[in-house]
Amino acid sequence: MFILETKGLKKSYSTGQGTPQSILKDVQLQVSQGEFIAVMGPSGSGKSTLLYTISGMDKLTEGSVIFKGQEISGVSENELAGLRLKHMGFIFQQMHLLKNLNIRDNIILSAYRARTSSRRTINKRAAELMNKTGISALAERDITQVSGGQLQRAAICRALINQPDILFGDEPTGALNSKAASEIMDILADINQSGTTLIIATHDAKVAAQAERVLYMLDGSIAAEQRLGKYYRVDGELKRREEKLAAWLLKLGF
Ligand SMILES: Nc1ncnc2c1ncn2[C@@H]1O[C@H](COP(=O)(O)OP(=O)(O)OP(=O)(O)O)[C@@H](O)[C@H]1O
């Protein structure tokens, strides 16, 4: 069974004048449990819209999205919010950490809201996540007192606090320098290796080269896909994958 599947997924936006603008056009996607998928494609091709629609953050116009065997297009807004809270994690630029909370409180907030674990367990999990991502010393800091890379690590901890089955990332390394981006990718790769499914939209071939499968979006459709297979971090492997990906993207005119 797929953890996530779309059938004939379409999404249009009404801009107020004339006919609605069609953004996603008949997207068929099947995601296996534990897969790591990167979504690439030109600016405006619909990558973010795809992530928002398949995660139930945004309503679809036609077709269906099936998550863990349940068609999410039919469920109520409340039920959907619960599903997202308990089973999905998000690293989206628009989902800023809250300014009036420190790093730790930002991380644990959604777990307290989900109420699926005791506070003691949640605090322990938050401490483990901060340790794993190297931000333990910053737990009490205000979010304005840390760097962009540290903030991104905190956002990852927040996304993982409810132990999601699937993690969605929209340019998760977008605002970072290459060293910080590579560290964030190592963390995400570890998370994937421990079984969490990852779907990441990115412009960065170095990031996408670590995915098992790369989708190429063009004008609202998945125009092509490249199976790179699981990435094992051995010397020279990332470079080889990047070259393969670059040749494929070049052929696609990217
Ligand atoms: N809320 C909205 N209302 C109307 N049009 C929208 C809305 N959100 C996105 N769009 C349009 O949908 C198209 C796809 O946008 P989307 O953000 O999904 O592209 P993208 O591939 O993620 O681009 P980028 O790489 O620049 O982030 C764009 O033409 C955009 O202007």
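A residue is called buried if 20 or more other C-beta atoms lie within 10 Å of its own, exposed if 12 or fewer do, and partly exposed in between, with the C-beta atoms placed from the backbone. Asparagine 162 is therefore buried, having 21 other C-beta atoms within 10 Å.

The structure is a predicted model, in which local features need pLDDT of at least 70 and side-chain atom pairs count only at pLDDT 80 or more, whereas totals for chains, interfaces and linings use all residues. Residues are numbered from 1 along each chain as its sequence is written.

The UniProt record, an unreviewed entry, places the feature "domain: ABC transporter" at residues 4–244; such positions are given in the numbering used here, feature names are shortened, and annotations may be inferred rather than shown by experiment. Over residues 4–244 the chain is 36% helix and 26% strand, and the end C-alpha atoms lie 27 Å apart. Helices (H or I, at least four residues) and strands (E, at least two) are DSSP runs, numbered from the N terminus.

With contact taken as C-beta atoms, placed from the backbone, lying within 7 Å, isoleucine 37 touches Val31, Leu198, Ile199, Ala211, Glu212, Arg213 and Leu215, when residues up to four places away in sequence are not counted.

Helix α3 (residues 103–114) packs against helix α4 (residues 119–132) at an angle of about 140°, with their axes 10 Å apart. Axes are lines fitted to C-alpha atoms, for helices over the stretch in contact, and angles run from 0 to 180 degrees between N-to-C directions. Angles under 35 degrees count as roughly parallel, over 145 as roughly antiparallel, 65 to 115 as roughly perpendicular and the rest as oblique, and α3 and α4 are therefore oblique to each other. The residues that make this contact are Arg104, Ile107, Ile108, Ala111 and Tyr112 on α3, and Arg119, Ile122, Asn123, Ala126 and Leu129 on α4.

The axes of α3 and α5, in turn, come within 7 Å and cross at roughly 25°, which makes α3 roughly parallel to α5. Here Ile103, Asn106, Ile107 and Ser110 in α3 meet Ala154, Cys157 and Arg158 in α5. The buried residues of α3 are Ile103, Arg104, Asn106, Ile107, Ile108 and Ala111, and what covers them includes α4 and α5.

Asparagine 162 lies in the loop between α5 and β7 (166–170). Leaving aside neighbours within four places in sequence, asparagine 162 is in contact with Leu85, Lys86, Ser110, Ala111, Ala114 and Thr116. The C-alpha atoms of asparagine 162 and alanine 139, which are 23 residues apart along the chain, are separated by 18 Å.

Most residues other than glycine have a negative phi.

Lysine 68 lies in the loop between β4 (62–67) and β5 (70–71), while glutamine 163 is found in the loop between α5 and β7.

Technical notes. Two residues are in contact if their C-beta atoms, placed from the backbone, lie within 7 Å.
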